[in-house]
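Subject: Handover of a structure

Dear colleague,

Please find the structure below, followed by a short account of what was found in it.

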Amino acid sequence: MKKRIAAMLLALVMIAGVFAGCAGQPTATTPTTPASNSGTANSGNTDTTKPADNGNQQAAPAEEAIEKEAPMLAAQVKDGKLPPLEERIPTAEDVYVEAKYSPEETPSYGGVVRTYNNGMWYWGPFCEEPLFRLLDDGTVEANVAKGYDLSDDGLVYTIHLREGMKWSDGTPFTATDCVYYYNYVLVTDVDNETGKITKSNAGRNYGWYKTTDENGILRPAQVRYVDDLTFTITLYSPKPTLLQAICIDNKWMFCPKEWYKDIMVNDASAPHWSGETDLKLIGGEGLPTITEEEALANALKKSELYNFENFSKLGDQLGYRYWQYAGRPTLRPWNIVNALTDQTLVFERNPYYWKVDKDGRQLPYIDTVEFVGMDQNLWAQEEIAGNIDVARFDAGDFPIYKASEAVGNYTVYTEISPSWSSVGLELNQSYKDLQYRALFQNIDFRHALSIAADRNEINEIIGNGMMTPAQFAAPEGTGDYIAGAPQKWVEYDVAAANKLLDGIEGISKELNADGFRTFVGGEHDGQAITIELETRANAPSDAQLVALLAKYYKALGLQIVESNNTDNNARNERYYAGDIFMGAVNSSSGSFNVMLRPDAVAANRNNSAFVGKYGLEHQDALTPEPGTGLAELIDATKALVSANKLEELQAASKRIAQAHYDNTWVIGFCVSDRTYDAVNNRVHNFRSGFVNCDELRFLGYTKPYTWFIQD
Amino acid sequence: MEMKDKTKKTPVRKSQEKKSDKYYYASQWQLMGRKFRKHKLAMISAFVLMIFYLIAILGNFIAPQGTEQYDGKYVNCAPTPVHLFHEGKFVGPFVYGLKMERDPVTYMAHFAEDTEKICRLRFFTEGDEGGEYKWFGLIPSNIHLFKAEDGKVFLFGTDNMGRDLFSRVVLGAQISLFIPVAGMLMTLVLGLAIGSLAGYFGGWVDTVIQRIIEVVRSFPQVPLWMALSAAIPKTMKPAQVFMLMTVILSLVSWPGLARVVRSKFISVKKEDFIMAARISGAPADKLITRHMIPSFLSYIIVDMTMAIPGLIIGETTLSFLGLGLRSPATSWGVLLQETNKLETIMFYNWKLIPMIFVFLSVLAFNFMGDGLRDAADPYK
Amino acid sequence: MVKFIVRKLLIMALTVFLISLAVFFIITLPPGDFLTNYIGRLLAAGEQVNPAEIEALRAAYALDQPFFVQFWRWFSNIILRGDFGYSFSLSMPVTSVIKAYIVPTMALSIVTMLFTYLVSIPVGIYSAVHQYSFGDYAFTTICFLGQAVPNFLMAILLMFLAFKLTGDTMLGLFSPKFQNAPWSWERVLDLLKHCIIPVLVIGLNNTCGLIRTMRSQMLDELNKNYVMTGRAKGMKARAIRYKYCVRAAVNPIASSIGWSLVSIFTGTTITAIVLNLPSMGTVMYNALINQDMFLAGSWLFLMAIATVIGTFISDVLLAWLDPRARKEYLKG
C-alpha cells in the first residue's frame, strides 16, 4: 500500500517537473495540435475503435442490435421531446470515449443506485465533471476540455473544447461559458481593494490563477475568448501546478452563461464590482446590467427553490454550490431533480451527457442515483438490509460490515487512504479566549496531551486493532515524509505528561475538589481547565475518542467535554468561524501532497481545526503570537502560494511538513492506510483499490457513470 | 389429622372476630394499607421496586466498576457466565479468564473462556484502582460486593468502550430511578402550592393561575423537554444536570397536578367539616395544610405514583437522544443509546439488557399505582 | 353555545400570546446568540463577513434590542406575515421547511389517530362487557406492557423484528423503490406496510390509555340504574348496551379527540427520529442541537398552537355532547 502511494506521488512530482521544465526553457518545443500535450481526451482509447461509429452512421441497421442510449431517452426521442442522440453528444472526433473504465460486458441501461445522503460534498464529487482531472498515476487528464497547449514561455495555456458538447438543458457548451465564469463570476467575487471575497464564494479559487511578479506581488491571470472551442489562460509568471490547481480546486471552471446572465450581479457601478467590463472578451452579445435585487427576483422567477435571503446567499448557493439545486444546467452524468428538503435526493440522468463507452453507447448506464437522507447510525443496517447499495466506512466499522457481507449481499472493497492520521486531536490555535489560547499554543501542553494518551487502547477500541499508533505526519514513502516524524511523542507516559504540565505557568500544580487543574491568575483564575471538543454528527468513534481522552486527560487533571453536532455542515461551519470552538477530534486528516493540496495542513484556509482563524491570515493580516511556530506556517504557506518554480514549491511544502513536525499542532493517535466500501452485489463494474481522497474526488474517482445494475 | 385441624380452627375464628373489630376501629390509613396488601401484583411490584431502589442506593458498592473505569482490552465482550464447577469439581463461584481472538477475516473480537485460568469471585473485597467511591457522598471506600480474582467478570457483558454493563446498569439506576422521584416530589410541592392557592382563594388568583396552567399544558411535553434539555450547558457536572433534569421534568408536569388539587379544593371547600373549621376560626394556612390537603392526599399520592412511569420514560428518552445526561455519567437511557442500530442487536444483543430494567420499573410503578388507587378508596 | 365558543376563543387568543412569549424565552435560553453560529456559516470556505454586515444582521433580528423588542419582531412577523424567520442551518425560510414536512407529519398523525380510536373503542367495550374474561385480562396485560416500553425501544424492537421476518428494516415511509415512484396500488401498499411500525409505536401508548378509559367508563355505565330499569322493562341486554351505554360511555372519549391528536402529533417526535421518518420531529431535534433557534422555536410554537386548538375542539365537543359542562363553564 505504501509503495503505491509513493509511486503515485513520485509520478506527480515528475509531472510537475515536466511543467517546470517547460516553463524554464522557452525554446522547448510545444506541440500545437490539441490533445497531444499531456492529458488529452481520447488519449486512453488509442487502442480502441474510433468512436466515429456513433456519429452520423449510427442509423445504419447493423448498429441497431445494441441500444446506444437509455430506453427512457430513446422514448423521448421518439416522442419528439428530445433530439436524436447524435445531436445531443459531441461530434465523433470530440466525444469522450471511456476506454479504461468501460465494462467488458454490454450492460443494459436503467436502474437506480442508492446510497445515503452525507451532504453535498458526498454527492457533489460523486457526479462531478471537472475541466481537467487528476489521475492516480499522477497524470492530468483532459475531461470537459479536449486538451490544451502550453506556450513556449509557459505563460499561455490554450484550452480546447469539444465540438457539439451541450449543457444538460441542451444549450451549447462553448468557450464563452468558461470565460464568462472566470471574468463575471469568479473575478467579480473578489473585492479589488481589499482582496476579500464579497459574495458568491467562487472567488476563493481566484488565488490559483495568480502568480507573482518580479516584486513578489500576486498578479491575476487573464482568461480570454478565442473562438467557441478555444480560450486562453495567460499567467503573469509560469506556474507549474496550474492544471493541478484547476483539477483539485477549481474543478468547474465554467458555468452556463445564458442561465446565469440575469441572476449574477453585473453592475459596474456596484461598490464591489471588480470585473472586466469589456464584453467582447466573452464572445457573443453583451450582458444586461443586473443589480442585487434584480438578481434575487430573477432567480425566484426561475424556480421557487431559489428563494434566498440576500444576494450573498444566492451567490454562494447558486454560484458556488450549484449542484444542490434542481434546474441549474450542468455537464454532469446525473442532476438533482428535487428540493434539498426532501428526504431522498434524486439525481436523474443527463440526456446530453457527453461520454460514451468503448462501444459508443452513451453513458451513464444507470438512470437514477438516490441519496437517501438518514442518520449515520443507520448506514450499516440499511446497507445490510439492502436499502442502500453503497456505504463507506473505516476500520472502526469494519467487523460489522465484513461479518454481514453474506446477509447483506454486498462486497467489502478496500481503498487506499493517504491520511497523516486517522484518529487525532486538534486544538484551535486561534481560540478567542486568550487564556485557553495561550495554553493550546504551549508546546509542552500539546506534548503532554500526546504522551498521556494510550494509543494501543485507542487502536483497540476505535480501530479494532487494525490501525498503527502514530503521530500526525506524512506516512513513510510519501514525498512529505520526515524520518522519525510518525514516531514523535507516541510513548505512553502519564507521569512525564504530568511533569510537563507542572512546568507550565498559569495553571495550577494541584487539583481542585473535582480533581482538575485550575487556571492561576487571569480571567479564569481558580476555574477548572475544561476543553470542549467538537465531534461529528452521530459518529460513534468520535464520541468514543472524546470519552477516552476524557479518561486519559483526567489523569492530567484536565476536563474534556464533548461538543456534539448533529449536522456535519454545522460542524464544518463552526470550523470556518475560526475562533469559536476550542478543538476537535478528527477522523482522518492530512494531505495527500502538500505541494498540490496543502489545505488541511497549511494556513491557506480556515477549515482545519488547529489553524482556526489564522487560516485567513492572507486576507485578514493577523499576527500570530510569537514563539508559537504559527508565523513560520503562515510564511511557508505564502511561499507555497506564490512559488513560481518547482524547487520553490518543494521547499515550501517541506517547510510546512517540518513546521508540523516541530510543533505538533495536530496530535495524531493512530493511522490507517485504508478505507472501505461496501457495495451491493447488484452494482457491477465497481473499481476498487483507488486512493480515496478529496484531491481525487473520493467515490467520483471510480467513475460511477460506468457502474451498471444487474439484479 | 382431624385433631390437628380442630385445634387450629378455634384461633382462626377468634382472629376473624378480632379482625372485624379492628376493621371498624381502624384508621383510614390502616384500612388503605390493608387493602393494598391484598393486591398481590401491587405487593410484588412494591417489593421489586424496593429491591431496585436498594440496589441503586448501594450502587457504588454493588457495581464492580465505577463510571469512568474501562478497559480497551474488553470491548463488546459478551456476558461472562459464572461457574460453580470446574471439570466436575466444585470450586465455588468463579469465572474463566478471557482470551480475546480476532477473526482473521472480519477482525471482529471474540472473547473465549480460557478454561485453564480460574478466577474465583471474591466477595466484599477491595475493588480495582479507579473504583473508589464515597458512601453517601461522605465515607470514602473501595469495597465492592464482588470481584473476580485476576480476571474480569462482566455479568451483563461490556459496551463499545469496554465498560462493564452490569456496573453501568446499577449506577444508571441511581439516575433513572431517582430523577423521576425527585421530579415527582418537586411536582408535588409545586402542584400542591399552586393548586391550593387557586382552589382556596378563587377569584382573580384562580383566573391567573388557570391561565398559566393552560399555557404550560399547551406545550407538548416531549418537545418541551427536548427544548429545555438542549439548553443545558455541556460543561455542567452530572449532579447539576441531575438537578436541572428534575426541574425540567417537574416544570412540565406540575400543571396537571395543580388542576386536580384545585378542583379537589373547590369540592372540599363546600364540605361540612371545612365549614366547621372555618367557623371555629382556623386561619387559612392551617385550614389548607391541616384539613383540606389531608382529606384528599391519598388521591394525590396515587396520582403521583401513576405519574412516575411517565417520568422514567421521559428521562430515559431524553438521555437516549443525548439531551440529558452524557457519558461517562450513566443512566439507562444513556446505555440504550448504543442499541439504536440493527447491528447491535444482531451482534451484541446483551446491550438490550438495560431495557429490561426500564420495562420492569415502569411496569412495577404502574401496578403499584393501581394497587394504591384501589386502596385509596378503602370503603368501596 | 355561541357565547361559550366566543369566550373560549378569546381565552385561546390570550393563551397563544403567552405561549409565544414562553417559546421565545426558551429559544433564547442557550448561551450566546445564534448569530455567532450564523456568522460561522457565512465565513464558510473563506467567505468573509464584514462588521457592517454583522451589524446589519443584528439589527435585522433586533439582537441588540431588549428581549421584548426582539420578541415582538419575531411574534409580529408570524402573526402579520406568516413569516417564521430563517433557518440558518438549512439556508432557507422556516416556512419552506415546515411546508416540506407538515404533510407527512399530519398524515402519519391522522392515520395513527384513526388506528387508536378504531382499536381502543371496540376493545374497551369488549373488555367491559366481558369483565374478568380471558380476553379482558389479555388486553389489560398488553396495555400494561405497551405502556411500560418507551416509544423508542418499541420502535427498535419492531424494526429488528421486521428485519428478521422480511429482511427489511422498514424505515421511512416508503421502500427506496417506491420513494419517488408515481402513485400506484403497489406504492399505497408499500406505504401501508411502512406505516405499521410507526402507527403501532406512536399509537400504542394512547391506545392503551384509551382502552382503559373506555373500559372503566363502560363499566360505570353498565352499573347504572337505567340499565336495570331497561332490563326490568324487558329490553334486551344487548340493545341497552349498544344503544345507551356505549353512547354515554363514548362521550368523554370522543371529546378527548383534540387532546389525543396532539399527543399523537408530538408522539411522532421521538419515533420519527428512530425510524427515520420524514417528520418535523427529526427536523426539530436537529434544529435544537444545532441551535437553529428559529426553526426549533417555530416548531415548538406550532405544536403548542396545535395543542390549544386540540383543547378547544375537545372543549367544544364536550360542551356539545354534555350541556352540563357548558353551563358549568359559563357560570365560571
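In this model, 27 residues of chain A are in contact with 23 residues of chain B; two residues are in contact if their C-beta atoms, placed from the backbone, lie within 7 Å. On the side of chain A that touches chain B, the elements giving two or more residues are α10 (379-384), α11 (398-403), α15 (455-463), β19 (530-535), α17 (540-554) and β20 (559-564) of chain A. Helices (H or I, at least four residues) and strands (E, at least two) are DSSP runs, numbered from the N terminus. That side of chain A comprises 13 nonpolar, eight polar and six charged residues. Here Ala, Val, Leu, Ile, Met, Phe, Trp, Tyr, Cys and Pro count as nonpolar, Asp, Glu, Lys and Arg as charged, and the others, Gly among them, as polar.

The model is predicted: local features need pLDDT of at least 70 and side-chain atom pairs count only at pLDDT 80 or more, while totals for chains, interfaces and linings use all residues. Residues are numbered from 1 along each chain as its sequence is written, and chains are lettered from A and ligands numbered from 1 in the order in which they are written.

Chain A also holds an open sheet of six strands with mixed pairing, in the order β18-β22-β17-β21-β19-β20; two strands pair if DSSP finds at least two bridges between them. β18 (468-469) and β20 of chain A are at the edges with a single partner strand each, so one side of each has no neighbour in the sheet. The partner of β18(A) is strand β22 (residues 666-671) of chain A, paired in the antiparallel sense over two bridges. Within this pair, Thr468(A) stands opposite Val671(A) in β22(A).

In chain C, helix α10 (residues 225-232) and helix α11 (residues 237-255) pack at an angle of about 140 degrees, with their axes 10 Å apart. Axes are lines fitted to C-alpha atoms, for helices over the stretch in contact, and angles run from 0 to 180 degrees between N-to-C directions. α10(C) and α11(C) are therefore oblique to each other, given that angles under 35 degrees count as roughly parallel, over 145 as roughly antiparallel, 65 to 115 as roughly perpendicular and the rest as oblique. Tyr226(C), Val227(C), Gly230(C) and Arg231(C) in α10(C) meet Ala237(C), Ile240(C), Tyr244(C) and Cys245(C) in α11(C). This contact has six nonpolar residues, one polar and one charged.
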